[in-house]
Amino acid sequence: MKKYGNDYRQRGKQFEYTGKWYGSSLSVKELKRHALNNTGLMAAALVIYFASLMLNNEGSRIFWILLPYMVVVFPVSYGIMGGASLFLFCRQQEGKAHSHMTCAQYEKGVRRPVRCSIAITVLGLFTSVANLIFLLKDFENLIFTRELLFEAAAVLILVLGSVSTAQNWRIKAKFTNFE
């Protein structure tokens, strides 16, 4: 990545990493378990997301409900990629005495899932509240079961985002930066 190009210096024909290093007080096995758990939560949110888009309810045709709900797919996808990045890092580090992450690995495997889970929580909350306002405003003219299923899906995505945020913050707190 261009962003981390200054973290490398050339020595002869080889390149050497000279940027920041990150270490964790957790074992590689615990990090790997967290990566799988986080990827599972994000995948569950993605399945719920796609299932709820198939409902064809009245609320999903309203711009201020649909727009934040449609944007949820981006942080969920990036969250899955972040969990996969951390998992691949853990697979590389199995059997090694020290597992230190470069700045790029830390950004992709630890910070990206934190930011994505916060975005999922905020977008899920906004969608849930907006759909609830729509339900209460136009209560008589709706097919109530579809609207309730859509609201339940928005709340489930909100809950999955909240759980993922709490877990990701706890993991991020276990990392320290050293030069």
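What is the volume of the largest pocket? In this predicted model, the largest pocket has a volume of about 160 Å³. A pocket is here an open set of points, on a 1 Å grid over the protein atoms alone, with protein on both sides within 12 Å along at least five of seven lines; a cavity is a set of points where a 1.4 Å probe fits but cannot get out, and lining residues have an atom within 4 Å of a point. Grid points are joined across faces, edges and corners, and a volume is the space filled by probe spheres set on the points. The model is predicted, so that local features need pLDDT of at least 70 and side-chain atom pairs count only at pLDDT 80 or more, while totals for chains, interfaces and linings use all residues. Residues are numbered from 1 along each chain as its sequence is written, and side-chain values use heavy atoms, with hydrogens and water left out.

The largest pocket is lined by Leu26, Glu30, Arg33, His34, Asn37, Gln167, Arg170, Ile171 and Lys174. Helices (H or I, at least four residues) and strands (E, at least two) are DSSP runs, numbered from the N terminus. H1 and H5 each contribute at least two residues to the lining of the largest pocket, and H1 gives the most, with 4 residues. By class, this lining comprises 2 nonpolar, 3 polar and 4 charged residues; Ala, Val, Leu, Ile, Met, Phe, Trp, Tyr, Cys and Pro count as nonpolar, Asp, Glu, Lys and Arg as charged, and the others, Gly among them, as polar.

The structure also holds 1 cavity of 30 Å³ or more. At least two lining residues come from each of H1, H3, helix H4 (103-137) and helix H5 (144-173), and H4 gives the most, with 4 residues. The lining of the largest cavity has 5 nonpolar and 5 polar residues, and no charged residues.

Two helix pairs were examined by their axes, which are lines fitted to C-alpha atoms over the stretch in contact, with angles running from 0 to 180 degrees between N-to-C directions. The axes of helix H1 (residues 28-53) and helix H3 (residues 73-93) come within 8 Å and cross at roughly 155 degrees. H1 is therefore roughly antiparallel to H3, angles under 35 degrees counting as roughly parallel, over 145 as roughly antiparallel, 65 to 115 as roughly perpendicular and the rest as oblique. The crossing of H1 with H3 is left-handed, a term that applies if the near helix is turned anticlockwise from the far one by less than a right angle. The contact of H1 with H3 has 17 nonpolar, 6 polar and 2 charged residues. For helix H2 (residues 63-71) and H4, the axes come within 9 Å and cross at roughly 155 degrees. H2 is therefore roughly antiparallel to H4, and H2 passes H4 in a left-handed crossing.

Two strands pair if DSSP finds at least two bridges between them. An open sheet is formed by 3 strands in the order E4-E3-E5, with antiparallel pairing. E4 and E5 stand at the edges with a single partner strand each, so one side of each is left without a neighbour in the sheet. Strand E3 (residues 21-24) pairs with strand E4 (residues 101-102) over 2 bridges, in which Trp21 is partnered by Thr102 and Tyr22 by Met101. E3 is joined to strand E5 (residues 175-178) by 4 bridges, and Trp21 stands opposite Phe178 in E5.

Strand E1 (residues 8-11) and strand E2 (residues 14-17) run antiparallel and are joined by 4 bridges. The bridge partner of Arg11 in E2 is Gln14. E1 and E2 form a hairpin with 2 residues between them, and Gly12 in the turn has a positive phi of about 70 degrees.
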